[in-house]
Amino acid sequence: MYQNQASLHFPNGFLWGGATAANQVEGGWDEGGKGMTIQDCLPYREVGVADFTKQFAYSSADLAEALAAGPEANYPKRRAIDFYHHYKEDIALFAEMGFKVLRVSICWSRIYTDPRDPEPNEEGIAFYEDMFRECRKHGIEPLVTLSHYDPPLALVTDYQGWYSREVIGLFVKYARTCFERFGHLVKYWLTFNEVDAMLRHAVTSGGLIEDRFPGKNFDEVIYQAMHHQMVASAQAVKLCHEMVPGLQVGCMMTKLCFYPYSCKPEDNLATQQRMRGVYRYVDIQVFGEYPRYLWKEMEQKGVSIEYRPEDMELLREGTVDFVSFSYYMTSCMAADTEGLDMAPGNTVNGVKNPYLPSSEWGWQTDASGLRYSLVELYDRYRKPLFIVENGLGARDTLEEDGSVHDPYRAAYLEEHVRAMSDAINLDGVDLIGYTWWGCIDLVSESTRQMSKRYGFIYVDMDDYGNGTQKRYKKDSFDYYKQVIESNGTNL
Ligand code: BGP
């Protein structure tokens, strides 16, 4: 358990809250004029802890099979926890915990049924407008991600995902509509969730299916698609600033953190190299240009990307206002991993750290690593930081009396809050907020299961679509309430 070294203290107005994403909570996959997204077509697979990457191995045949299957075939994402119909009840529960901020994502396919449509879908707009108003009614500031792992299906079937340059224009049109219609209700925006993720799961981040690029180097496809996302993101940031001065747009990265496995110089060098891989695209979004090491990386892989001179101008003009990130765990790097135990952690493997406890899914809990990461990020970027994902996935038991005892979740929260406080008070980090991932149980991204639960609120749904969808407060609900009420000082 991390013990804070300075007294606990958080700035006034610190944004405490929770985070979700449309594809993991909404359901209502064919309601309200919504078009299909790739998430509506991902099959549920039972895979072992060490095999999560298999979830993301996705072929055209898988897609065809998913499209041919009946509407309930892809239960987890298509129905999720039905936030689409329960949002008022859920937001009231978040308000009861004292949330100052709620991170949600907008599903592009609700705003444009088909991304090529000239006009937006008013029913989709009305849904989000009402949800944001509901947040505001309770004094909750919405924090909105424009794209969280759910590219519209048409981008995959009728384009080549983000590899197609035309997608930039489609995304910017969508972003413009969001700023225009929600700019008065939403102050904080994020462009792409975990912007570095396309290199790990190309289909959900980039709409890229490898077999649709016969004869092409798939690495090159990914770097090209990343370039298009960078340009689209910069254009959206610039547009937002022009359209509604005062709004804040951030980038969002997976804050992976690797320690050298030993003090061997080779392990240190390997760690440094690995960490550059974590920062490469955020460097563009913050500094407005490709870092030299990214050009070198592409050169070494024998790939080259196409770009226009005006792209580079846009990257300079569309830099972000703050840096947000997800943080769950740390692991180690070694130059030679032979004979070492590995930690599967999400879709990113690392060498197991013998000093850290692991969750059932191999994620190694490390609150010190959060403080370490905050310092690293602040020293590198000198921008306000926002933790927009942090949390513990665990199996919970719903007792007969409707209670859920989850001391492990409160303990995880407690030590991460202690570490954040030290980063602010001792290390001088400018941290503006914290949103706990999956503040209400939702469908897990890597397992596509309900049974890996993050919430302070339990939702009665299982991995196969059975359950009442009833919401229950877990013990951690009251704990988080107490944390927020005391502005992080009563832990
Ligand atoms: C992040 C994603 C989220 C979320 C979280 C937890 O990478 O941005 O969408 O799912 O990880 O991961 P999981 O659901 O796999 O436990």
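**A colleague's note on the barrel, the ligand shell and a few backbone details**

1. Strands count as paired here if DSSP finds at least two bridges between them. Helices (H or I, at least four residues) and strands (E, at least two) are DSSP runs, numbered from the N terminus.

2. A word on the model before going on. It is predicted, so to speak of a local feature takes pLDDT of at least 70, and side-chain atom pairs count only at pLDDT 80 or more, while totals for chains, interfaces and linings use all residues. Residue numbers start from 1 along each chain as its sequence is written.

3. Now the barrel as a whole. Its 8 strands close in the order β1-β2-β3-β4-β5-β7-β11-β12, with parallel pairing. On average, neighbouring strands of this sheet are turned by 25° against each other, direction ignored. Helix α10 (residues 218-243) packs on the sheet and touches β3 (141-147), β4 (188-192) and β5 (248-254); contact means C-beta atoms, placed from the backbone, within 7 Å. The direction of α10 makes about 160° with that of β4. For such angles, axes are lines fitted to C-alpha atoms, for helices over the stretch in contact, and values run from 0 to 180 degrees between N-to-C directions.

4. How many of its residues are buried? The count is 5 of 5, where buried means 20 or more other C-beta atoms within 10 Å of a residue's own, exposed means 12 or fewer, and partly exposed is in between, with C-beta atoms placed from the backbone. On one side, β3 and β4 run parallel and are joined by 4 bridges, with T145 opposite L190 in β4. The pairing of β4 with β5 is also in the parallel sense, over 3 bridges, and W189 stands opposite V249 in β5.

5. The loop between β4 and α9 (202-206) holds E194, which is among the residues closest to the ligand, together with G393, S444, E445 and S446. In total, 14 residues surround the ligand, near being a C-beta atom, placed from the backbone, within 6 Å. The shell has 2 nonpolar, 8 polar and 4 charged residues. In this scheme Ala, Val, Leu, Ile, Met, Phe, Trp, Tyr, Cys and Pro count as nonpolar, Asp, Glu, Lys and Arg as charged, and the others, Gly among them, as polar.

6. The backbone of E194 is also worth a glance: its phi is positive, near 35°, in a residue other than glycine. Most residues other than glycine have a negative phi. E194 counts as buried because 25 other C-beta atoms lie within 10 Å. N487, in the segment after α16 (475-485), has a positive phi too, about 50°. With 17 C-beta neighbours inside 10 Å, N487 is partly exposed.

7. Helix α11 (residues 265-287) bends by about 45° at Y279; the bend is the angle between axes fitted to the seven residues ending there and the seven starting there. Y279 is one of the buried residues of α11, which also include D267, A270 and V286. Just after this helix, G288 takes a positive phi of about 80°.

8. Finally, N425 lies in helix α15 (residues 407-425). Leaving aside neighbours within four places in sequence, N425 is in contact with A6 and H9.

Methods
Contact = placed C-beta atoms within 7 Å.
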